[in-house]
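Please keep the sequence and the coordinates at hand while reading.

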Amino acid sequence: MARKLPPRDVAIVGLGWTGSILANELTDAGLNVVAIERGPWRDTATEYAPNYAQDELRYRIRHELFLRPSQTTFTFRNRQSDTALPIRTWGAFMPPNGVGGGGLHWNAETWRFLPSDFVLRSHLTQRYGARFLPSDMTIQDWGVTYADLEPHYDRFEYLCGTCGTAGNLQGQIQEGGNPFEGPRSRPYPNPAQQQPFGPMLFAKAARELGYKPFPQPSGNMSQAYRNPLGVRLGPCTYCGFCEWFACANYSKASPQTTVLPVLMPKGNFQLRDNSEVTRINLDPSGKRATGVTFVDTSGMEWEQPAELVILAAYTIFNLQLLLLSRVGRPYDPQSNQGVIGRNFTHQTISDCISFFDPTKFVFNPFINSGAIGMCVDEFNGDNFDHGPHGFVGGGYMGQVQTNGRPIETTPVPPETPRWGAEWKRAVRDNYQSTLKPGTGVHGSMYSYRDVYVDLDPTYRDRLGRPLARITMDFHENELKQNRFLTDKFAEIFYTAGAQRVVKEYRKGPYDITKYQTTHLCGGAIMGSDPKTSALNRYLQSWDVPNLFVMGATAFPQNAGYNPTGTVGALAYWSAAAIRSLYLKNPGPLVHA
Amino acid sequence: MPERVSQLVTTVVAGLLATACASHPAAGDNLPADNLPSDQDFGLIERGRYLTTVADCVACHTDPDSNALFAGGQPIETPFGKVVSANITPDLETGIGSWTDAQFDAAVRQGRDNEGARLYPAMPFPYYARMTAEDVHAIRAYLKTIPPVHHPVKSNQLRFPFDIRAGMALWDALYFEPGTFKPDPKKPAQWNRGAYLVLGPGHCGACHTPKNVLGADRKHQALQGYNVQGWFAPNITDDLARGLGRWSVADVITYLKNGHNRFVGASGPMAEEIANSSSRMSDADLEAIAVYLKDQPGATVSTKALAASDPQMVAGAAIYRDLCSACHAQDGSGVDYLVPNIALSSSVSSREPTSLLRVVIHGAETVATQKEPTAPAMPAFGWQLTDAQIAAVITFVRNSWGHAAPALSASDVHKMRPLASEGG
């Protein structure tokens with residue numbers, strides 16, 4: 001029997017980016033907020049100090065900052081006819097754990113989605129006709145537009161101190177920026193980072209091919225920055241330990257370096273770390289959340305009553321909680337009915353390894369940051385005519401090599417032996433003269449009827465709860481998109497002078513064992529119709545109006561960009577709606 | 001048994017008396033002396049609250065592990081052992097609720113308790129003695145308004161012979177100079193206000209002025225820096241090399257208000273002082289303090305920097321480049337308000353390297369204030385570097401960018417390892 005805690009106005013599940021933003025906004029509004037975080041407290045000087053943060057074995061190989069699958073995991077299968085099996089070591093994506101969440105160990109690639117991404121189905125239908133789309137593709141409009149989100153993108157970028165070159169200022173196209181981006185109300189808060197040789201060479205070649213390359217927007221600081229909350233970040237040292245690592249130099253935007261110093265001392269905020277929420281409690285009507293139940297490290301069960309519940313965990317765990325708590329109707333792919341688990345997506349990425357003449361090219365790949373690099377956006381979203389190509393979607397592509405770390409940065413031509421003296425010689429010969437971006441082609445993944453999440457019928461976690469089950473495979477549309485983009489990408493490296501470019505196309509079936517990105521999206525999507533979306537345009541549950549669900553969980557499909565910028569913008573958008581609309585009149589904000 | 005009975009009787013009688021006092025104060029006992037305003041007066045209470053902040057009473061008289069404001073119980077390190085801070089809430093039995101205003105004034109300004117016994121100078125009465133009767137009365141008025149907490153405290157936990165309070169008579173005779181602050185008519189009012197705050201309620205000298213073996217100020221070295229609680233409270237005179245010489249008045253104000261300025265961020269006991277006291281002081285008072293400190297002459301001793309070719313300097317430079325320069329920059333300039341500028345920070349070349357040793361070995365978190373909430377921290381390097389390596393890198397830092405200080409040895413470092421770990 002759970003012990004009952006004193007009620008709070010708001011209970012937030014997870015203290016990563018969205019949990020921190022919502023907690024800060026709602027405590028500012030005078031509410032009494034508790035955040036319940038499954039993982040531990042994490043702090044720069046004690047948890048990832050500069051004298052040991054750059055430890056590839058500890059953090060990258062041994063997953064120091066991530067969830068342990070023995071605590072909880074999920075099961076996976078490609079098709080409904082397969083039997084899903086539990087993941088026992090992380091592969092395709094890395095579930096975060098602890099205060100800061102994925103915001104602690106991300107690369108800090110901070111993009112906005114294209115205006116057309118938010119009205120995707122209507123846009124594509126209008127341009128190409130409904131029959132151009134695969135019949136089992138379930139893409140939707142978001143119910144929110146780029147114009148709605150622009151002020152909130154802006155807030156997130158100024159919170160983070162995002163560094164970049166604006167491409168579109170209030171409708172005016174700017175030299176050196178991304179000409180395809182939606183209009184920005186003002187420039188980035190900081191100039192773009194200095195670019196190493198590899199990206200500059202890539203940009204030169206891209207310009208020769210008629211593209212308009214621009215620096216990747218980064219949350220790695222190009223200079224010292226003080227954000228609007230008064231929190232300071234220091235200039236990046238280009239050490240190349242961003243993704244999988246926490247920044248030891250206060251140089252990468254994270255909840256720790258932007259929000260928590262202001263949030264934590266507030267008298268109306270409380271954090272319970274090492275506490276795993278096991279369910280959202282509903283009243284007998286099932287239409288109202290009464291709070292959450294969590295277990296501590298002793299296995300003690302606690303009930304936290306709250307007037308407002310905010311799910312701010314990682315996508316797959318938000319979905320597991322919704323399914324276990326019976327909020328909303330679970331998605332059934334047979335009947336195409338139900339909303340929890342539908343439109344689940346990931347990303348379609350691929351890479352090129354480009355070998356240059358070792359006697360002429362020295363790239364020093366260890367001089368890097370997580371979001372450094374030059375990109376082109378000519379083949380993202382609907383920035384080009386898809387008519388002749390027979391697919392939809394796209395992605396940015398760029399020389400965005402994030403590091404030259406010793407264990408994993410061993411680029412060798414494919415015919416090299418896998419070990420031994422010859423392999424060592426090849427590593428030595430190619431380390432300095434090879435370009436290998438992290439996610440060079442960063443393609444969209446659109447949603448399909450047979451890609452979804454439900455509860456596993458067999459496997460349970462240590463608390464006896466069914467695990468979430470992912471059913472996911474690549475569809476021909478995405479594979480075609482990837483072939484097209486990867487070829488275009490390789491062409492740029494040849495133009496840059498590469499002697500040889502090895503194209504690593506993304507191929508099916510979807511492989512859960514190899515890292516792709518941590519951009520799991522969808523499953524409880526936002527939209528305008530309660531029959532096909534779990535959340536309204538304010539991220540409010542259609543079924544339980546005092547429940548809001550943050551994060552990429554709400555994306556109806558994934559665009560060709562990293563999601564965090566949009567996740568941050570949606571968090572501010574939802575927080576603004578809670579503050580200005582919901583608190584005045586608690587109840588459904590949209591009547592459908 | 002008779003003893004217990006007598007104790008019981010005493011307690012009951014004391015309780016009755018206390019109750020009687022509370023409801024019917026004996027005439028003259030708690031009446032304002034000399035024409036001081038009534039202690040029910042809002043203006044007086046508010047002034048007292050502010051002065052209690054300036055005097056940082058909370059630092060010693062509140063146990064940081066409890067929420068009981070001013071209930072005492074915190075051990076204070078002295079050269080002779082531990083003295084535990086008193087309960088100064090208005091609790092009649094265990095606090096100072098039954099004290100008269102005159103008794104309170106005697107405690108604060110003369111170092112006598114309500115029975116006339118001498119207090120140990122862990123209570124900084126030699127500084128508080130400079131305060132005016134009006135200001136002490138205001139503090140008293142404020143302390144009467146806070147919730148009483150029943151919390152018995154045994155203050156004197158010193159070892160023989162220091163536990164004999166009578167010994168303090170000799171100390172007082174030798175070192176205690178009673179008397180309120182005398183303004184210097186040749187100086188402007190702002191300077192005099194600053195002097196009053198620094199010498200009186202602010203009791204800056206308690207940490208920053210060197211002491212003799214009996215814990216009394218070496219007056220000719222006022223504010224020139226002293227080792228306290230495992231830290232070196234730096235020289236805060238206008239001394240260029242070791243004091244505030246490079247700081248403008250605005251730099252001093254920013255530091256005291258925000259805990260961080262373009263040179264350094266506060267950590268250790270000064271972080272507590274800023275959080276509890278100076279960050280809550282008025283800008284006018286901070287400016288007065290800054291003006292006064294900037295007018296205190298230093299006593300620069302000319303030291304020649306070690307040659308860059310010195311083997312220890314060469315080793316230190318290499319360690320600095322590998323481990324320190326990512327944040328502090330190759331030229332020591334750091335990042336404004338985030339990473340201390342150790343090229344320009346005079347505390348780097350302070351007379352004693354105590355604080356530097358401490359932060360390098362054990363790390364330190366800087367203070368978070370409303371204006372500067374970031375509170376960046378220096379990580380610990382004690383686990384990573386040997387004594388000789390730490391000695392080399394600190395020697396390098398203390399002899400670079402214009403700093404000059406004697407070389408450190410491995411044994412200097414070794415001594416700081418346990419000391420720093422047991423301190424606060």
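Residues are numbered from 1 along each chain as its sequence is written, and chains are lettered from A and ligands numbered from 1 in the order in which they are written. The model is predicted: local features need pLDDT of at least 70, side-chain atom pairs count only at pLDDT 80 or more, and totals for chains, interfaces and linings use all residues.

**Cores**

A residue is called buried if 20 or more other C-beta atoms lie within 10 Å of its own, exposed if 12 or fewer, and partly exposed in between, with C-beta atoms placed from the backbone. A nonpolar core is a set of buried Ala, Val, Leu, Ile, Met, Phe, Trp, Tyr and Cys residues joined through C-beta atoms within 7 Å. The largest such core holds 169 residues, and Ile12(A), Val13(A), Leu22(A), Ile310(A) and Ala554(A) have the most contacts inside it. Helix 13 of chain A (residues 564–582) gives this core its largest share, 9 residues. A second, separate core has 66 residues, including Leu44(B), Val198(B), Leu256(B) and Leu293(B).

Two residues are in contact if their C-beta atoms, placed from the backbone, lie within 7 Å. Apart from its neighbours within four places in sequence, Ala554(A) touches Ala524(A), Ile525(A), Met526(A), Leu535(A), Leu539(A), Val549(A) and Leu570(A).

**Chain B and its domains**

Helices (H or I, at least four residues) and strands (E, at least two) are DSSP runs, numbered from the N terminus. By that count chain B has 16 helices and 6 strands. Of its 424 residues, 45% are buried. Among contacts in chain B between residues at least 6 apart in sequence, 65% join residues at least 24 apart.

Domain bounds come from an automatic or database domain assignment. In chain B they give domain 1 (36–175), domain 2 (197–211 + 219–294) and domain 3 (311–422). The C-alpha centres of domain 2 and domain 3 of chain B are 20 Å apart. Their contact takes 27 residues from domain 2 of chain B and 26 residues from domain 3 of chain B. On the domain 2 side, strand 4 (231–233), helix 10 (249–258) and helix 11 (269–276) of chain B each supply at least two residues, and the largest share, 3 residues, comes from helix 11 of chain B.

For residue classes, Ala, Val, Leu, Ile, Met, Phe, Trp, Tyr, Cys and Pro count as nonpolar, Asp, Glu, Lys and Arg as charged, and the others, Gly among them, as polar. The side of domain 2 of chain B that touches domain 3 of chain B has 10 nonpolar, 13 polar and 4 charged residues.

Helix 10 of chain B is mostly covered, with 7 of its 10 residues buried. These are Val252(B), Ile253(B), Thr254(B), Tyr255(B), Leu256(B), Lys257(B) and Asn258(B). They pack against helix 11 and helix 12 (283–294) of chain B. Just after helix 10 of chain B, Gly259(B) has a positive phi of about 85°.

**Contact between the chains**

Contacts link 17 residues of chain A with 22 residues of chain B. On the chain A side, helix 2 (44–47) and helix 9 (260–263) each supply at least two residues. By class, that side has 10 nonpolar, 6 polar and 1 charged residues.

**Helix 7 of chain A**

Helix 7 of chain A (residues 197–208) has 12 residues and reaches 17 Å from its first C-alpha to its last, close to the 16 Å expected at 1.5 Å a residue; the expected span is 1.5 Å times one less than the number of residues. Its buried residues are Gly198(A), Pro199(A), Leu201(A), Phe202(A), Ala203(A), Ala205(A) and Ala206(A). They pack against strand 17 (374–376), strand 18 (395–399), strand 19 (434–435) and helix 12 (476–495) of chain A. Gly210(A), which follows helix 7 of chain A, has a positive phi near 90°.

**Strand pairs**

Two strands pair if DSSP finds at least two bridges between them.

| Strands | Bridges | Direction |
|---|---|---|
| Strand 4 (residues 74–77) and strand 22 of chain A | 4 bridges | parallel |
| Strand 21 (residues 452–460) and strand 22 of chain A | 5 bridges | antiparallel |
| Strand 1 (residues 75–78) and strand 2 (residues 81–84) of chain B | 4 bridges | antiparallel |

Strand 22 of chain A (residues 466–471) is mostly covered, with 5 of its 6 residues buried. Thr471(A) in this strand is the bridge partner of Arg77(A) and stands opposite Tyr452(A). Strands 21 and 22 of chain A form a hairpin with 5 residues between them, and Gly464(A) in the turn has a positive phi of about 85°. In chain B, strand 1 and strand 2 form a hairpin with 2 residues between them, and Glu77(B) stands opposite Lys82(B) in strand 2 of chain B.
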